[in-house]
Amino acid sequence: MRFFRDRKAIFGGAVLLAVFSLPSVLFAQTGTGDREPPKLSGVSIVSVTATSAIVTWSTDEDADSLVNFGLTKNYGIARDPLPDKKQHRVILSELEPSTIYHFRVVSSDLYGNQALSGDYILATKSEKPDEKLQDLPMEERVNVERAIDAVEELRTEDGLRAVQSAVELRAREVLGAPEIIGNPRRVEDIGADYVVISWGTNQDANSVVRYAREADFRAGSDDPYTTEAGERDVYTRDHKVRVTGLIPGTTYHFRVESETELGQSVSSNDDTFTTKAVLPAISGFRIVKVEETSATLTWRTNVPAAGTVEYTDTRTRQTRTAGSAIFASTQTVKISDLRLGTRYQVVVKAENAVGEKISSNPLFFTTTRDTAAPLISKVSNESTLYPQADAKVQTIVSWGTDESSYCEFFYREGLAPNIEPRGLGEEKEPRTNHVQVVTEFLPSTVYQFWVECKDHAGNETKSENFVLFTPNKEKSIIDIILENFEGAFGWVKNIGK
């Protein structure tokens, strides 16, 4: 028999099955007593190979056996014509491998009453044997083929699950749990926001890295990690996982885990890695001021960083350092103990939180006589009204200078320039951070103030004029009552005069 050799579908597996010849005897029976066709039940495919299949079914009375089959619903025929059985078994032979067939079963009783089933589908197997079986010893291969044949006879979910459970249990007994081999926790590569971790196992297993920031690590708990990365559905012996989205300059706890398809797993001990910090970038590096024995420099970085200035006497080649351990995005450093009339080279080195450093291009300057006045900055004021009988006001004024200076605070009431200002006296000690406490101000009054400073070399400077308003005096209950009466009776304002 040959059927539709031009159409094929691909399926895996192959099972050997003896092919039997179909009977060729046609039995005919005439009669008029029975007019009910047989009732069909239990249609099933009990075996399928690459070129054959066996179809079985039952009838409630003796009948013949016929199967219509083909690649479409335009069926061909395989028949056992003897109507002498209730249990029917028909072999479909000379089928095409890896092909889907439609079929239906047909049975007629002794009186010619015919019953037809609905449409069924079967798929033949591939002629190519499973390559995994070729390397097995003969006895083992036979056992595997028998097991495959037995599995293919299963028709219920419970049966399949029972076989799966038995296979997994036996595999655990034979194979055991996977083992991590070689370096089990090798950090292959690390950056500011990623890490690559690799390891090996003695069995095919998946690749998972569990990790958590040190601040989030739950030591002592059943699951101390907060996040995982990897592939749970890919099985290999050489594992490599790239973890991304990490925070720069941060320590993480992690462990690696591998699980086989049978559910056996292995995990490493806890370990740590620290991501690289973002390398600082220096910008705006400049020399703010040069004096006889000192110089002031400033610069910025894209991330908070500690800063060190290396300055070298270009004649003697002697190098010294100055700087701050404070992490900031803007740094100002004053270097001292310089020699007058000497040329210096200066380089800034910025260091991030994990100790990585970057250097600026060099700048040069020559110390000279100090002719630059101090620079006054960050002038601010704050006034407080004390609720006493005389309603005193206390005002705190603060400012800064770029070098140690002697400063004096001046003020005048009102904004008229012809009013004689008052000074509160020059500071006794030079400093860069200055504070003046003023207690002479009156409530609800406008004042104008400024500061004048001079450095060790006598260079003087004056700030711009600033204006402040002192707070209003709070009114007492008596004041409010008198104001109300004054609005209604004009004579109230003369009381006490």
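Colleague: Before we start, what does contact mean here?

Modeller: Contact means heavy atoms within 4.5 Å. Keep in mind that this is a predicted model. Now take Glu427. Leaving aside neighbours within four places in sequence, Glu427 is in contact with Trp399, Ser405, Tyr406, Cys407 and His434.

Colleague: Where does Glu427 lie?

Modeller: In the loop between strand S21 (422-426) and strand S22 (431-438).

Colleague: Is Glu427 buried or exposed?

Modeller: Buried means under 20% relative accessible area. Glu427 has 13% relative accessibility, so Glu427 counts as buried. The side chain of Glu427 also makes a polar contact of 2.9 Å with the side chain of His434.

Colleague: Cys407 was on that contact list. Which residue does a disulfide join to Cys407?

Modeller: Cys453, with an S to S distance of 2.0 Å. The structure holds 1 disulfide. Cys407 lies in strand S20 (residues 393-413) and Cys453 in strand S23 (residues 446-454), so the link ties together parts that are 46 residues apart in sequence. The link is right-handed, with 110° about the S-S bond. Both Cys407 and Cys453 are buried.

Colleague: On to charges. How do I read a salt bridge?

Modeller: Side chains of opposite charge can pair when their charged atoms come close. The count here comes to 21 salt bridges. One of them joins Glu188 to Lys240, with the closest N and O atoms 3.0 Å apart. This pair links distant parts of the chain: Glu188 is in strand S7 (residues 180-190), Lys240 in strand S9 (residues 227-244), 52 residues apart. Glu188 is partly exposed, at 36% relative accessibility. Lys240 is exposed, at 55%.

Colleague: Which residue forms a salt bridge with Glu228?

Modeller: Arg210, with the closest N and O atoms 3.7 Å apart. Glu228 lies in strand S9 and Arg210 in strand S8, so the pair ties together parts that are 18 residues apart in sequence. Glu228 counts as partly exposed, at 36%. Arg210 counts as buried, at 11%. There is also a network of salt bridges that links Arg210, Asp223, Glu228 and Arg232.

Colleague: What about Arg339 and Asp313?

Modeller: Their side chains meet in a salt bridge of 3.6 Å, N to O. Arg339 sits in the loop between strand S15 (319-335) and strand S16 (343-351), while Asp313 is in strand S14 (residues 295-313), 26 residues apart. Arg339 is partly exposed, at 39%. Asp313 is buried, at 5%.

Colleague: How do I read the strands?

Modeller: In a regular strand the side chains alternate between the two faces of the sheet. Then look at the pairing. Strand S8 (residues 194-213) and strand S10 (residues 251-259) run antiparallel, joined by 6 bridges. Val208 stands opposite Glu257 in S10. S10 also runs antiparallel to strand S12 (residues 271-274), with 4 bridges. There, His253 has Thr272 as its bridge partner.

Colleague: How many bridges join S10 to strand S11?

Modeller: 3 bridges, again antiparallel; S11 covers residues 265-267. Ser258 is partnered by Val266 in S11. The hairpin of S10 and S11 has 5 residues between the strands, and Gly263 takes a positive phi near 90°.

Colleague: Which residues have the most contacts inside the largest nonpolar core?

Modeller: Val55, Val67, Phe69, Leu92, Phe103 and Leu122, in a core of 17 residues. Strands S1 (40-48), S2 (53-70), S3 (76-92) and S4 (100-108) each supply at least two residues of this core. S2 gives the most, with 5 residues. A second, separate core has 15 residues, including Leu385, Ala391, Trp399 and Val451.

Conventions
Residues numbered from 1 in each chain as written. Predicted model: local features only at pLDDT ≥ 70, side-chain atom pairs only at ≥ 80, totals over all residues. Heavy atoms only, no water. Core = buried A, V, L, I, M, F, W, Y, C linked by side-chain atoms within 4.5 Å. Buried < 20%, exposed > 50% of the residue type's maximum accessible area, 1.4 Å probe, protein only. Pairing = 2+ DSSP bridges. Disulfide = S-S within 2.5 Å. Polar contact = N/O pair within 3.5 Å; in protein donor to acceptor, adjacent residues only side chain to side chain. Salt bridge = Lys/Arg side-chain N within 4 Å of Asp/Glu carboxyl O.
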